[in-house]
Each structure stands twice: as structure tokens, then as C-alpha cells.
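Here is my notebook for today, with aromatic rings, the nonpolar core and the ligand on the list. Have the model open beside you as you read.

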Amino acid sequence: MMKFAWDNYKQYALGKNELRPLTKNGHIGNMFGGLRGATVVDALDTLYIMELEEEFQEAKKWVENSFDLNVNGEASLFEVNIRYIGGLLATYYLTGEEVFKSKALELGEKLLPAFNTPTGIPRGVINLGSGMSWSWGWASAGSSILAEFGTLHLEFLHLSELSGNPVFAEKVMNIRKVLNRIEKPQGLYPNFLSPVTGNWVQHHVSIGGLGDSFYEYLIKSWLMSDKKDTEAKKMYDDALEAIEKHLVKKSAGGLTYIAEWRGGVLEHKMGHLACFSGGMIALGAEHAGEERKQHYVDLAAEITNTCHESYARSDTKLGPEAFRFDAGTEAMATRLSERYYILRPEVVESYMYMWRLTHDPKYREWGWEVVKALEKHCRVEAGFSGIRDVYSTPPLHDNMQQSFFLAETLKYLYLLFCEDDVLSLDDWVFNTEAHPLPINHTNFKTSVQ
Ligand code: DMJ
């Protein structure tokens with residue numbers, strides 16, 4: 001599947017950001033500020049791990065000869081960080097090849113002006129040429145997004161570690177400081193924060209889109225520091241406790257889910273994005289005290305089961321973008337606009353963590369169901385495509401092979417069927433785009449004590 005996805009991207013879209021597999025051309029999009037080759041950089045480490053040597057060399061050659069960082073356009077700070085910097089750092093750590101390190105550092109420098117705000121909380125959009133930055137037009141009152149400014153920590157610590165320049169680590173430690181200081185409603189972290197005043201802009205809390213990877217990076221920061229960053233662990237533990245108290249619910253049919261919260265009112269909806277949380281809670285469970293461990297293993301298993309149900313209840317056996325638990329609905333989309341599947345990884349990501357934690361064969365069986373469904377419904381003549389409605393067969397295709405399909409979905413599926421020592425969780429943490437970063441077992445200079 002990886003070879004098929006890569007070969008078609010290479011044939012029809014090499015150098016563009018993503019492949020359009022029906023029309024057999026490339027897609028540039030507007031998230032990367034003129035940077036190209038998102039699929040190349042996202043795919044590098046997956047090709048390497050899968051020992052697709054020839055294909056890895058093709059991707060490396062493109063990075064060496066054609067990856068131009070002198071661009072002038074508006075980029076998402078978050079997306080450039082998780083896909084490009086994450087992909088380059090991981091490939092550097094896996095291969096030791098300097099080109100990946102130098103490109104990661106060069107790109108990291110270009111992101112720094114986004115932090116020039118009164119609080120040091122970065123804005124979401126940056127022009128990679130001029131360094132000017134903005135908030136997203138759609139974000140309330142010029143706010144920055146929790147899942148965006150809260151998902152820089154892992155990569156930025158490595159940028160400081162590799163460059164010897166503490167500036168990257170200082171930027172993310174300052175974000176930590178602002179978040180620690182501010183009062184949290186019921187212990188929860190709202191999704192929108194003003195980079196000017198450092199106050200929450202509105203009280204929407206979500207473990208799915210806009211919030212998700214902030215929580216993930218807390219537990220992973222602690223693990224990546226070889227458990228020295230106890231501040232991150234405490235923030236994770238406290239946040240999870242508040243989430244459990246206020247957002248975790250059980251449906252009439254016995255399915256555990258994590259609701260969203262709007263100023264105290266619950267919306268009984270779970271996004272596909274929120275399904276990463278089964279894996280995150282599983283990862284944290286391993287390191288919870290003896291008395292809490294079983295509790296978190298059970299919670300992770302229940303959430304992963306609910307996400308599996310969202311797949312099992314569809315005609316395609318792929319899950320919708322969001323599913324609901326209201327008016328008699330259980331784990332199904334009720335709105336037309338929430339029925340699509342864009343090759344997202346979060347559910348197989350949780351299967352992978354649950355497999356490594358429990359070795360219960362059902363997780364491999366569930367992963368194999370996804371493989372079969374992808375082959376049946378998403379494979380088209382020239383690559384893999386998202387689908388517009390998981391409840392309708394044969395599905396209509398959206399003509400997009402997302403770069404995260406190669407970075408994440410296929411990598412997590414592969415790891416689900418590998419031995420545990422392939423990218424052992426004792427030695428690596430995965431950034432939110434599934435790019436592996438090493439745990440520092442010796443002395444992480446950049447932890448900025
Ligand atoms: C990826 O880019 C990352 O996993 C991110 O954290 C969320 N969205 C996509 C995949 O769904």
C-alpha cells in the first residue's frame with residue numbers, strides 16, 4: 001500500500017504537496033506557505049522504516065535537489081512544524097544524514113518571528129519570507145489555537161538540542177509558563193487563547209480538533225525527557241482528571257466517549273480526531289501509578305472500542321469525521337457534513353498503542369479490517385483517495401491522497417503488525433504526525449530546567 005501510494009505520488013505529483021489520485025495531478029493547497037513536497041517529507045521516515053530503499057532514495061534526492069526553503073507565502077506554523085520539521089528531524093535521527101538536520105534547522109529559524117507577540121504565544125499563520133504573522137481569520141477575536149501553539153514542544157526541544165541554540169526551547173517553555181499560570185475553568189483548557197492578553201477567548205473545550213495534540217504533547221514531553229519533565233506529567237495528569245470528570249460519558253448502549261464542552265454545556269459528539277485519545281491514554285497508563293494503571297488501561301480500551309464501533313457501524317467499515325450520541329444515535333454521524341473519511345490515522349493509531357500495551361489480538365484484527373476497507377473503498381487507479389460518505393457504497397471519492405496517510409495511517413498499520421522492538425516505545429515518541437523522535441536517555445540539555 002505504501003509503495004502504491006508513493007509510486008503514484010511520484011509519477012503524477014512529485015514536488016507538489018499532495019496527489020490527486022483521480023485526476024492524476026498534484027495539489028498545492030494553502031497551508032504550507034509556498035513550501036512544496038509535503039508528501040515527500042511526510043513519507044520519508046515511513047519509506048525508511050519499511051525498508052523501501054529505492055523509494056527512500058527517490059525521496060531523499062528530492063529533498064537534496066529540489067526542496068526550496070526560500071519561499072514567500074503564508075503557512076500554518078503548526079502544519080509546517082508537525083509535517084516538515086517533524087519529518088525531517090525523524091529522518092535525521094533514523095539515518096544520521098546531515099541534509100535532514102540542516103533543512104529542519106533552517107526551517108525552524110523561519111518560524112521564530114511568529115512568537116513575537118506580547119505574551120510569546122505564537123500566532124497561527126506566518127509568512128515564511130517576510131516573517132510577518134497573523135491569527136487565522138476564522139479564529140475568535142485574533143486568538144491562537146491550543147492544539148497549534150501546544151504542539152510545538154517536542155520538535156522545538158530537538159531543534160535546540162541539534163543546533164545548540166536554546167531559543168527554540170525557550171519559546172516553548174514560555175508557552176508552558178503562560179498555560180500554567182492562567183486559570184482553567186474546571187481544570188479544563190479552552191481551545192482559543194489571545195496571544196496579546198494571554199486570556200482565554202471563549203470556553204470551547206475539545207479533545208478532538210483544536211485541542212487534541214496539546215494533551216498528547218504533555219505526556220510525550222515527559223516521556224521524551226526520560227521522565228525528567230515532571231511539570232509536563234503533572235499538567236497531563238491534571239488535564240486528564242478534569243477531562244474524565246467533565247467530558248467522559250457513557251452512552252445508553254454502554255459506549256464510552258469524550259464529549260465536547262461549550263461554556264459548561266456538553267455536545268455529545270466525538271470527532272475522528274478525538275480517537276487518538278485511546279492511544280494517548282494507553283501510553284500514559286503504562287506509567288501511571290499501580291493503583292491508577294488498570295483504570296487508565298480500561299478507559300483507553302473503552303474509548304478505542306467506541307472508535308472501532310464508529311467504523312463497524314458504517315457500510316464501508318471506515319469511520320465518519322464525527323459521530324454522535326444523542327436522540328437514539330450511537331457512534332454514527334447524523335449530519336451529512338460529518339460523513340466523510342479523509343484517510344485519517346487516529347483510530348489505527350489507537351489500535352497500535354493498545355496492541356503494544358495489551359497484545360490482545362483483537363487490535364490486529366481491527367487493523368486488518370481497516371486495511372481491507374481501504375483497499376476496497378479508497379484504492380483507486382492512481383493512489384488512495386478519501387471518500388465522501390462512509391455509509392454509502394460504492395463511495396464517491398474526494399480525489400485527495402492526504403500526506404498524513406503516508407506519514408501516519410500506513411506507518412501505524414505497519415507498526416501494528418511488527419514486533420514491538422521496531423521503533424520501541426521505550427526509545428521513541430511519535431510526534432502528532434507519527435514522526436518518531438528519540439527519547440533522551442542520557443542528558444537532555446535543552447529541557448531548560
Ligand atoms: C494530522 O496532520 C495530525 O495527526 C494532526 O495532529 C491532526 N490531523 C492530521 C490527521 O488526521
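I began with burial: a residue is buried under 20% relative accessible area, exposed over 50% and partly exposed in between, with a 1.4 Å probe and protein chains only. The model is predicted, so I kept to pLDDT of at least 70 for local features and 80 or more for side-chain atom pairs, while totals for chains, interfaces and linings use all residues. Residues are numbered from 1 along each chain as its sequence is written, and side-chain values use heavy atoms, leaving out hydrogens and water.

**Entry 1: ring pairs**

I looked up F156 and F168 and found both buried. I then counted 24 aromatic pairs in the structure. For Phe, Tyr and Trp (its six-membered ring), a pair needs centres within 6.5 Å; planes under 30 degrees apart are stacked, over 60 edge-to-face, and the rest tilted. F156 and F168 have ring centres 5.9 Å apart and planes at 80°, so I noted them as edge-to-face. Because F156 lies in helix α7 (residues 153-163) and F168 in helix α8 (residues 167-181), their pair ties together parts 12 residues apart in sequence. Helices (H or I, at least four residues) and strands (E, at least two) are DSSP runs, numbered from the N terminus.

Next I checked Y311 and Y341, an edge-to-face pair with 6.3 Å centre to centre and 75° between the planes. Y311 is in helix α12 (residues 290-312) and Y341 is in the loop between β15 (322-324) and α13 (346-358), 30 residues apart. Y311 is buried at 3% relative accessible area, and Y341 is buried at 1%.

I also found a cluster of F32, W62, F67 and Y84, linked by ring pairs.

**Entry 2: the core**

I looked for nonpolar cores, meaning sets of buried Ala, Val, Leu, Ile, Met, Phe, Trp, Tyr and Cys residues joined through side-chain atoms within 4.5 Å. The largest has 149 residues, and L35, Y215 and L318 have the most contacts inside it. Helix α4 (residues 77-95) gives the largest share of this core, 10 residues.

**Entry 3: the ligand**

Which residues surround the ligand? I listed I82, R83, L273, R344, P345, E346, F404, E408, T432 and E433, each with a heavy atom within 4 Å of the ligand. I then went through polar contacts (pairs of N or O atoms within 3.5 Å). A ligand oxygen is 2.7 Å from a side-chain N or O atom of R344. For E346, the distance from a ligand oxygen to a side-chain N or O atom is 2.7 Å, and for T432 it is 2.8 Å.

Terms used. A polar contact is a pair of N or O atoms within 3.5 Å; within protein, one must be able to donate a hydrogen and the other to accept it, and residues adjacent in sequence count only if both atoms are side-chain atoms.
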